[in-house]
Amino acid sequence: MTPTAYWLINVRLETAYHYDKGTVTGTKTALFNVLIENGEIKQIISGDQPLETDLPKRDARSYLMLPAFRDMHIHIDKTYFGGPWKAPSIPTEGLITRLKEEEVLLPSLLPVAEERAKKLLDLLLHAGSTHIRTHCNIDPFIGLKNLEAVLRAKEAFRNKVALEIVAFPQHGLLRSDSVSLVREALRSGASLVGGVDPATIDENIEKSLQTVMELAVEANANVDLHIHDPGHLGIFTFKRLAALTEEAGWQGRVTISHAMALADVSREEATEVAALLAYHSIDITSSVPIGQTIPIPLLDQKGVQISLGDDSITDHWSPFGMGDSLEKAGTLAERFGLSDEHSLAQSLKYITGGLTPLNSEGQLVWPNIGDEADVVFVEATCSAEAIARRARRVAVLFKGNVVSGEL
């Protein structure tokens, strides 16, 4: 266990951008010593300043310190990771095939659900993520058993990661008659209300969304909905969700995961919807799918809070996934041509809850005295290089404790 108070010495921090004729051409960094006490950053002094202390010291060896990452969409309760390799079957009926598979598959995976959830959490942690939001199946076929397994994994990792659990009715909140199960899950340890495709799965946009918001208000819980519904069907759903968010006073407490309809409509319509979502403080989380990526830079410009997540990792939905938020941010940068110093550096915010060492004007905004010491040390000279090169993670700290790697 890391001491409650100690100095991190030789910590590389970004201090400003290099400008040439108004264009960012590089990032300035310097070495600092950082006092960690009771899980928080308590003091930051220049590395040139003599350090006289009786407290223990940990040498960061000039590695770059960044805010720890956040994986804001994953399913740790139903993964093949940690078990024998198995590719998914060919989906003969698309989404419905997968749902039918789960009726048999999830009960069969239950004996290893906790073990694999822990292995997946460990994978994410070693990649630098200390804040994780997992969607956990709540349905008539598995009941609350997957939730119980995830809660045990959460307890095992309580000193290493912050884990949010979404009560997720994968088979449809209405379609599978899971309202009472979701309510019970929220009383048993889940902290967010989930849902999926009010139109194509629940086949009743209004009732599905109304029920989600009623559950959220009843439990005083945030909302995170999977919405894959395409085109104007999905856009209509977003607009109804925005109206219900305002009606419930739930601004800042609603997330749309995937939001695939934004990839189907014109830039003008996407801009209009982005402004609506921003006005109601409705966030979006994307897994940055290669084939159909929503216009993330546009959404960001309009003020929508964007997060990234892995979604499935080697399960019956997809054989892919690395559990690496930095890899996701790099993929996003490549997908949208964010290749200059400034754009790369600012891409970090998509995996840190909005935190970047420098704001868009090049002013130092992180770290601050009083910030939680949730950080990752990477082998890179600056944020831009870390994103572009998916820099090696050297060590990860959670509330000041070294939970992965060595310092």
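What covers the buried residues of H2?

Reply: The cover of the buried residues of H2 includes helix H1 (95-126), strand E7 (129-137), strand E8 (162-168) and helix H3 (179-188), where contact means heavy atoms within 4.5 Å. The model is predicted, so local features need pLDDT of at least 70 and side-chain atom pairs count only at pLDDT 80 or more, while totals for chains, interfaces and linings use all residues. Residues are numbered from 1 along each chain as its sequence is written, and side-chain values use heavy atoms, leaving out hydrogens and water.

Helices (H or I, at least four residues) and strands (E, at least two) are DSSP runs numbered from the N terminus. Helix H2 comprises twelve residues, 145-156, and spans 17 Å from its first C-alpha to its last, close to the expected 16 Å; the expectation is 1.5 Å times one less than the number of residues. Its buried residues are Asn146, Leu147, Ala149, Val150 and Ala153. These lie on the same side of H2 because they cover an arc of only 160° around the axis, the arc being that of the directions from the helix axis to the C-beta atoms. Buried means under 20% relative accessible area, exposed over 50%, and partly exposed in between (1.4 Å probe, protein chains only). In general, an α-helix has 3.6 residues a turn, so residues three or four places apart point the same way.

Strands E7 and E8 belong to an open sheet of eight strands, ordered E6-E7-E8-E9-E10-E11-E12-E13, with parallel pairing; two strands pair if DSSP finds at least two bridges between them. Strand E6 (69-74) and strand E13 (306-308) are at the edges with a single partner strand each, so one side of each has no neighbour in the sheet. On average, neighbouring strands are turned by 25° against each other, direction ignored. Axes are lines fitted to C-alpha atoms, for helices over the stretch in contact, and angles run from 0 to 180 degrees between N-to-C directions.

Helix H8 (325-335), by contrast, lies across E6, E7 and E13 and runs at about 85° to E6.
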